[in-house]
Structures are given as C-alpha cells and as structure tokens.
Amino acid sequence: ARALAQWAQCERPIGLGLLSELLMSRRGEVELRALNPLLGEQDARAAMDGTAALLLRVSRSIFAAKARAVAWKLQRTLASLKAKLSAGGGAAAQADVAQAVASLRVVSETLARTLCFRRAHVTPPKRAPPGAAGVGADGVVPASLDPRMLVFEFAGGMVLRPPQVSLISKLVSGATQGRSMCHQMLMGEGKTTVIAP
C-alpha cells in the first residue's frame with residue numbers, strides 16, 4: 001500500500017531532501033517513524049545519524065576540493081618563484097622575485113588557514129565534571145552539532161566560518177527574545193550568502 005501511495009505521489013518518498021528537513025526538526029525521528037511505521041526508534045535514530053554523517057562528509061569533501069585548488073596554486077607559485085630565481089638579472093628581476101615571494105606568502109597562509117579550519121557549529125566530545133547532565137557512561141559529553149547549519153553548509157557547498165556562526169547565533173537569540181538587532185559587517189564576510197539567508 002505504501003509503495004502504491006508513493007507511486008501515485010500521494011506520499012512523499014523518503015530521500016536525502018526529506019531526511020535533511022527531518023534532521024532540522026526537533027521531532028524529526030517521530031516524523032520519520034510516522035512516514036514509515038516499519039521503522040523502530042533505533043532505526044529512526046540511525047537514519048538521522050547517517051544523514052548527519054553523510055552531510056558532514058559531503059561538505060568536508062567540497063572543502064577539501066577547495067583546499068586542493070589552493071595547494072595547486074601554491075605549487076604554481078613556487079614554480080614561478082623558482083623560475084624567477086634561476087633567471088637572475090638586475091633590479092627588475094629582484095622586483096619580480098619580491099612580488100613572487102609576497103604572492104607565495106599569501107597563498108601559503110591561505111592554504112594553512114584552509115587546512116586548519118574547524119567547524120564552528122560542531123562541539124567536539126569532552127570530559128565532563130562528575131554528576132554533569134548529558135554525560136555518557138564513560139564520563140564524556142558526546143560531540144554535538146547544529147543540524148540547521150550543517151544543512152545550510154551542505155546546500156550552499158560551503159563551510160561556515162566561526163564569526164558567521166557566532167553572529168547567526170546572536171541574531172537568532174535576539175529574535176527569540178523579541179529584540180531587534182543590527183550588526184555591521186565588512187565586505188566579503190558573508191552578508192549576502194550566509195547571514196541574510
């Protein structure tokens with residue numbers, strides 16, 4: 001009956017889009033079990049955890065591809081510097097070498113920042129003081145993440161920067177408390193692509 005309902009498009013098929021929506025819902029597991037009554041509690045939890053893991057992996061792969069592009073640029077910059085050093089020459093050649101060194105510094109710093117990047121909306125597991133709430137049997141508070149930000153990263157093909165996550169959290173907190181807020185940002189900090197949406 002379920003297959004017939006899905007075939008007739010009376011029931012929405014459960015795919016990545018729907019699972020991502022359910023991941024952002026506080027009642028995602030309950031809603032998933034309502035859509036598929038054959039799922040048990042553990043199966044629904046596993047589906048939500050698997051969805052989060054998939055979104056994390058795909059988002060990280062996109063970020064790794066960007067890091068690889070920066071690494072290739074660094075390689076080309078190094079080759080250019082080597083060629084300029086081999087050519088020798090007068091004052092003009094020294095100016096070219098100085099420019100290549102400056103470019104090398106910028107590209108290498110960009111690569112270092114890219115490789116050392118940490119997701120701002122993910123809290124890693126940590127040891128908790130005795131008697132703390134939400135602690136596992138091993139005394140460790142499990143890792144946690146904001147699924148709304150994870151889905152946003154996945155949909156946008158980006159990884160949110162810490163200042164963006166902090167500002168979004170501030171704006172959401174103000175909105176839930178009924179306060180109006182205004183914040184000024186510089187060009188390139190994600191006003192249009194991150195904060196406004």
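Guide: Keep in mind that this is a predicted model. The part to look at is the packing of helix H2, residues 16-24, against helix H3, residues 28-35. Two packed helices are described by the angle between their axes and the distance between the axes. For H2 and H3 the angle is about 140°, and the axes lie 7 Å apart. An angle over 145 degrees would count as roughly antiparallel, so H2 is oblique to H3.

Next, the residues that touch. H2 brings Leu18, Leu19 and Leu22 to the contact, while H3 brings Gly28, Glu31, Leu32 and Leu35. Sorted by class, this contact of H2 with H3 holds 5 nonpolar residues, 1 polar and 1 charged.

Now follow the chain past H3. Leu39 sits in the loop between H3 and H4. Setting aside neighbours within four places in sequence, Leu39 is in contact with Leu32 and Arg33. Leu32 is also one of the H3 residues in the contact with H2. Leu39 and Pro124, by comparison, are separated by 85 residues in sequence and by 29 Å in space, C-alpha to C-alpha.

H4 gives the most to the lining of the largest pocket, namely 4 residues.

Note on methods
Residues numbered from 1 in each chain as written. Predicted model: local features only at pLDDT ≥ 70, side-chain atom pairs only at ≥ 80, totals over all residues. Heavy atoms only, no water. Helix = DSSP H or I, 4+ residues; strand = E, 2+ residues; numbered from the N terminus. Axes fitted to C-alpha atoms, helices over the stretch in contact; angles between N-to-C directions. Parallel < 35°, antiparallel > 145°, perpendicular 65-115°, else oblique. Contact = heavy atoms within 4.5 Å. Nonpolar A, V, L, I, M, F, W, Y, C, P; charged D, E, K, R; others polar.
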